[in-house]
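Let's take a walk through this protein, starting with its open spaces and then stepping back to the whole fold.

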Amino acid sequence: MKNNEQERFIASSYLKLFTFHQYYLFNFFTHILTFGFGLIIGIILTFYLNKTFYLNFQLQPFLLPSFGLKPPLLTSPPYIPILSTNINVSMSNHKRVIENSKTRKGLSDFLKPPMSMHDMSDDELLWRASIVPKIQQPPFKHTPKVAFMFLTKGPVLLAPLWERFFKGNKGLFSIYVHSQPSFNGTVPQSSIFHGRRIPSKEVRWGENSMIEAERRLLANALLDFSNQRFVLLSESCIPLFNFSTIYTYLMNSTKTFVEAYDLLGLVGRGRYSPKMMPQVKLSQWRKGSQWFQIDRELAVEIVSDKLYYMVFKKYCNPDCYSDEHYLPTLVSIKFWKRNSNRTLTWVDWSRGGPHPSRYIRTDVTIDFLMYLRNGTTCEYNGHNINICHLFARKFTTHALDRLMRFAPKIMQFN
């Protein structure tokens, strides 16, 4: 009896021991499987998060400013969104290369100016135009161009003459036309002015809308990085020399051409308002022609200006014609060292009145054109020369016939 109880006890002990080992082995393998699955999931998550974090880290400087620091204004290119989601990020010779397997968005897309008829507001346009690279030497080859900016009421009246002027010089110039929004005329597709009209607003003679239009033209022209010289023209302007002469004259000049002078009397200092102080003092007040020829550096300064522009917008209204005073005063205050204080556009005010002389068919003679081309002397890059005006106004459409006849011989077109 006693032996039977001992045997049952031993059997029970073995059974408990066996059950314990089974339970231990089950728990052991359960933990092994759990650990294995966790390890695999951890490796997958780590690889995915590392890849995602690395991509976000690379793109973060383009999307958000640094914490605690404001991004520098008007010095860096605007952020261009990446349209495709299929992006591979690689490292090669310590240089980051972002490749888009569908469509590359690189330097060429950034440099390509938008269509002339874009949908930017004035504020957006001026902001984008004011962006200036810190690195002066561009990492690409380009041919400097002259931007010819026409401020008109309707069409460019002397377009056939300008067509002949531009012919054969593709790639050396850009054209921009700011006409009244109400103008609904068409331009032949064969014309060099086709598609060159920019978004415009109404311009009224003698009002601040005139300098707004000038800034709008400059801003549109600045969107093309190849434009290095900027010429403001009206529909009644003509070129006095062939393209190569004008191009060389502008590109080689060490000065800008904004006419500025101090004039006593009612039409000079008499237009000044003491309310412009302290930004503009009477001794700084200047007058001059609105038809300028400037470089890219000054063009950026003009579209970026808010201080002096707002002063003129508030205190220079008819009979204080801001188009005759804003730029001459601004340039004389801030950029006088690089300015010639003269314009390259000839105009005759000798007859008096609010408008200069107009020239019709009978006024256009060989002697008259020769006088406009070489009748005065001036300083150019430290030397006295007799080529002081490259353009002239105001010529009517009635003068076009004779101008077309004399252009090949006198102005040496083509």
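A pocket here is found on a 1 Å grid over the protein atoms alone, as an open set of points with protein on both sides within 12 Å along at least five of seven lines, and its lining residues have an atom within 4 Å of a point. Bear in mind that this is a predicted model, where local features need pLDDT of at least 70 and side-chain atom pairs count only at pLDDT 80 or more, while totals for chains, interfaces and linings use all residues. Residues are numbered from 1 along each chain as its sequence is written, and side-chain values use heavy atoms, with hydrogens and water left out.

Start with the second largest pocket. Its lining takes in 45 residues, and Q290, W291, P356, R393 and K394 sit nearest the centre.

A cavity is a set of points where a 1.4 Å probe fits but cannot get out, and the whole structure has two of 30 Å³ or more. The second largest cavity holds about 40 Å³. Residues lining this cavity include R229, L250, K255 and F257, but the biggest share comes from strand β7 (residues 293-295), with three residues. Strands are DSSP runs of E, at least two residues long, and helices are runs of H or I, at least four, both numbered from the N terminus.

Zooming out, the protein has eleven helices and eleven strands. Of its 414 residues, 40% are buried, meaning under 20% relative accessible area with a 1.4 Å probe, protein chains only.

Notes
Buried means under 20% relative accessible area, exposed over 50%, partly exposed in between (1.4 Å probe, protein chains only). Grid points are joined across faces, edges and corners, and a volume is the space filled by probe spheres set on the points.
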